[in-house]
Amino acid sequence: MDLCNLSVIKSVMAEAGITFRKEFGQNFLTNRMIPEDIADMCADTPDRMILEIGPGIGCLTQELAARYKKVVAVEIDRGLIPILSKTLAEYDNITVINEDIMKIDLAALIKEYSEGMPVSVCANLPYYITTPILMRLLESGVKFSTITVMVQNEVAARLAAAPGKSDYGAITASLGYYGTVRKLFKVSRGCFVPAPKVDSAVVRIDLFDEPKYKVKDEELFKSLIRAAFEMRRKTLQNAISSCLGRFSKEEISAAIKAIGHDELVRGERLSTEDFVNLSNILSNK
Ligand code: SAM
């Protein structure tokens with residue numbers, strides 16, 4: 001069954017008596033080459049578990065199951081569960097779990113299903129919570145090897161932006177702490193039903209095997225990034241001093257100079273490494 005075929009999508013949903021739920025960001029793929037390409041590119045070796053977020057009616061899930069040893073798919077919409085049990089019936093390496101990815105215990109889930117294999121994440125993400133899902137995955141403490149996600153094109157540009165560019169933001173600087181990001185390909189809005197208002201793109205994050213940076217105080221590191229981008233128009237010095245009252249302007253200015261930047265620099269010019277160095281200097285104050 002071609003789960004990207006528009007008539008198939010409509011008929012399985014009508015049969016189950018459900019319609020697309022906007023509040024769950026349901027835009028299903030209608031071009032089968034896209035899930036094939038995503039599944040091909042999301043990981044390097046077949047002996048692994050893939051965690052899929054939001055299988056929908058299962059078009060990407062079946063491509064993942066054909067390529068990788070185990071697929072665990074977490075879907076929030078319980079109306080889709082009976083559909084998935086039919087569309088994925090022929091695969092014995094897929095487990096579907098009816099849960100909210102923002103609430104599920106990720107460490108316990110991986111422990112239960114991965115059997116010690118490397119774990120990659122692959123998803124056509126619901127756009128309404130792209131960043132919270134990414135941050136939850138990254139901050140979970142679970143050692144994912146890759147995270148490949150389809151997101152809005154502008155979000156993809158933000159995730160992969162270089163410091164100083166207009167797309168560079170808090171999420172870019174934070175991501176750099178965990179791994180490297182690459183935009184794989186663009187997907188036009190016409191490849192979905194219902195069609196979203198914007199185009200999409202697929203990005204792959206390769207997580208560092210071992211932490212690349214040593215951060216003495218993770219909370220401070222995160223607060224500095226937050227401060228820098230919440231007050232983008234201010235100099236970094238003023239942004240930090242307004243958001244984190246515990247440092248004097250002199251301490252902040254000295255730390256900014258010590259990492260090799262002008263004291264009037266704006267936060268958006270700092271790389272992840274700069275934020276690491278800045279937080280390590282300030283954590284000694
Ligand atoms: N994978 C399908 C495809 O590519 O056609 C569907 C992708 S659709 C953009 C997003 C999917 O994520 C929907 O099936 C939606 O119900 C599900 N979803 C939304 N929020 C979720 C959450 N918090 N936890 C798990 N699944 C969620």
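This is a predicted model: local features need pLDDT of at least 70, side-chain atom pairs count only at pLDDT 80 or more; totals for chains, interfaces and linings use all residues.

User: Which residues come nearest to the ligand, and what does "around" mean here?

Analyst: A residue counts if one of its heavy atoms lies within 4 Å of the molecule. There are 24 residues around the ligand, and Leu29, Gly54, Glu75, Asp100 and Asn124 come nearest.

User: Back to Gly56: where does it sit, and is it buried or exposed?

Analyst: Gly56 is in the loop between strand E2 (49-53) and helix H3 (59-67). Helices (H or I, at least four residues) and strands (E, at least two) are DSSP runs, numbered from the N terminus. Buried means under 20% relative accessible area, exposed over 50%, and partly exposed in between (1.4 Å probe, protein chains only). Gly56 has 4%, so buried it is. Contact means heavy atoms within 4.5 Å, and leaving aside neighbours within four places in sequence, Gly56 has contacts with Phe28, Glu75, Leu80 and Leu84.

User: Then how do you know whether Glu115 is buried or exposed?

Analyst: Its relative accessible area is 64%, so Glu115 lands on the exposed side of the cut-off. Glu115 sits in the loop between helix H5 (106-113) and strand E5 (119-124). It also has a positive phi of about 50°, although it isn't a glycine.

User: What makes Arg204 buried, and what does its side chain reach?

Analyst: Arg204 has 4% relative accessibility, so it counts as buried. It belongs to strand E9. Its side chain gets to the backbone oxygen of Met41 at 2.8 Å and makes a polar contact with the side chain of Asp206 at 2.9 Å.

User: And Thr272, buried or exposed?

Analyst: At 8% relative accessibility, Thr272 counts as buried. This helix H12 residue has a side chain that reaches the backbone oxygen of Ala173 at 2.9 Å.

User: Why do the buried residues of H11 lie where they do around the axis?

Analyst: In helix H11 (residues 249-258), Ile252, Ser253, Ala255 and Ile256 are buried. They cover an arc of only 160° around the axis (taken from the directions from the helix axis to the C-beta atoms), which puts them on the same side of H11. An α-helix has 3.6 residues a turn, so residues three or four places apart point the same way. Over on the other side of H11, Glu250, Lys257 and Ala258 are exposed. The buried residues of H11 pack against helix H10 (236-243) and helix H12 (272-282).

User: What makes something a nonpolar core, and where does the largest one lie?

Analyst: A nonpolar core is a set of buried Ala, Val, Leu, Ile, Met, Phe, Trp, Tyr and Cys residues joined through side-chain atoms within 4.5 Å. The largest has 65 residues, of which Leu109, Phe144, Ile147, Phe275 and Leu278 touch the most other members. Helix H9 (residues 218-230) gives the most, with seven residues. Domain 1 (6-207) and domain 2 (218-282) both give residues to this core, so it lies between them. Those bounds come from an automatic or database domain assignment. Apart from this core lies another, of 35 residues, among them Ile34, Ala43, Ile50 and Ile94.

User: How many residues of each domain are in contact with the other?

Analyst: 15 residues of domain 1 are in contact with 12 residues of domain 2. Their C-alpha centres lie 34 Å apart.

Conventions
Residues are numbered from 1 along each chain as its sequence is written. Side-chain values use heavy atoms; hydrogens and water are left out. A polar contact is a pair of N or O atoms within 3.5 Å; within protein, one must be able to donate a hydrogen and the other to accept it, and residues adjacent in sequence count only if both atoms are side-chain atoms.
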